[in-house]
Amino acid sequence: SKKTSEEIKQKMSEAESITKEILVQSELYRPVAKRASLLYFVIADLGDVDPMYQYSLPWFTQLFVRGTAAAKTAKELDQRIINLNDYFTYSVYTNICRSLFER
């Protein structure tokens, strides 16, 4: 019983430190999240221009996930953020333009 209790305490401590590390890492990528949310809400407003220009959140999420995998990697975090923002912005632009010109 005491051994089990110690194991549980150790696992809880490990889980807590992992949670803190995840929070730190996610905060470092906050600029990417800001850009992505800005782009999403701009795209969402295109539906006000014409109902034909409605884009779903799952479509946007899929585009974002593909963008994170396809963006150029970098050793420095600042450069990685720039690469992610640039790639994703261009990806959204090309996908939206493709749909606008198909009318």
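Tutor: A residue is buried under 20% relative accessible area, exposed over 50%, and partly exposed in between (1.4 Å probe, protein chains only). This is a predicted model, where local features need pLDDT of at least 70, side-chain atom pairs count only at pLDDT 80 or more, and totals for chains, interfaces and linings use all residues. Residues are numbered from 1 along each chain as its sequence is written, and side-chain values use heavy atoms, with hydrogens and water left out.

Student: Is L46 buried, partly exposed or exposed?

Tutor: L46 sits in helix 2. Helices here are DSSP runs (H or I, at least four residues), numbered from the N terminus. The relative accessibility of L46 is 22%, so L46 counts as partly exposed.

Student: How far apart are the C-alpha atoms of L46 and A33?

Tutor: A33 is also placed in helix 2. A33 has 41% relative accessibility, so A33 is partly exposed. Along the chain, L46 and A33 are 13 residues apart, and their C-alpha atoms are separated by 20 Å.

Student: What separates the C-alpha atoms of A33 and N85?

Tutor: Along the chain, A33 and N85 are 52 residues apart.

Student: What is the volume of the largest cavity?

Tutor: A cavity is a set of points on a 1 Å grid, over the protein atoms alone, where a 1.4 Å probe fits but cannot get out. Grid points are joined across faces, edges and corners, and a volume is the space filled by probe spheres set on the points. A search of the whole structure finds one cavity of 30 Å³ or more. The volume of the largest cavity is about 50 Å³.

Student: Which elements give two or more residues to the lining of the largest cavity?

Tutor: Lining residues have an atom within 4 Å of a point. Here they are V32, R35, A36, F64, G67, T68, L84, N85 and F88. The elements giving two or more of them are helix 2 (30-49), helix 3 (57-70) and helix 4 (77-101).

Student: How many salt bridges does a search of the whole structure find?

Tutor: Side chains of opposite charge can pair when their charged atoms come close. A salt bridge is a side-chain nitrogen of Lys or Arg within 4 Å of a carboxyl oxygen of Asp or Glu. In the whole structure, the number of salt bridges found is two.

Student: How far apart are the closest N and O atoms of K20 and E16?

Tutor: Both residues lie in helix 1, four residues apart, about one turn of the helix. K20 is exposed because its relative accessible area is 51%. E16 is partly exposed because its value is 48%. The closest N and O atoms in the salt bridge of K20 with E16 are apart by 3.6 Å.

Student: What is the N to O distance in the salt bridge of E27 and R30?

Tutor: E27 has 45% relative accessibility, so E27 is partly exposed. R30 has a relative accessible area of 41%, so R30 is partly exposed too. Their side chains meet in a salt bridge, N to O, at 2.3 Å.

How values were computed. 1 Å grid on protein atoms, 1.4 Å probe; cavity = no way out; pocket = protein on both sides within 12 Å on 5 of 7 lines; lining within 4 Å.
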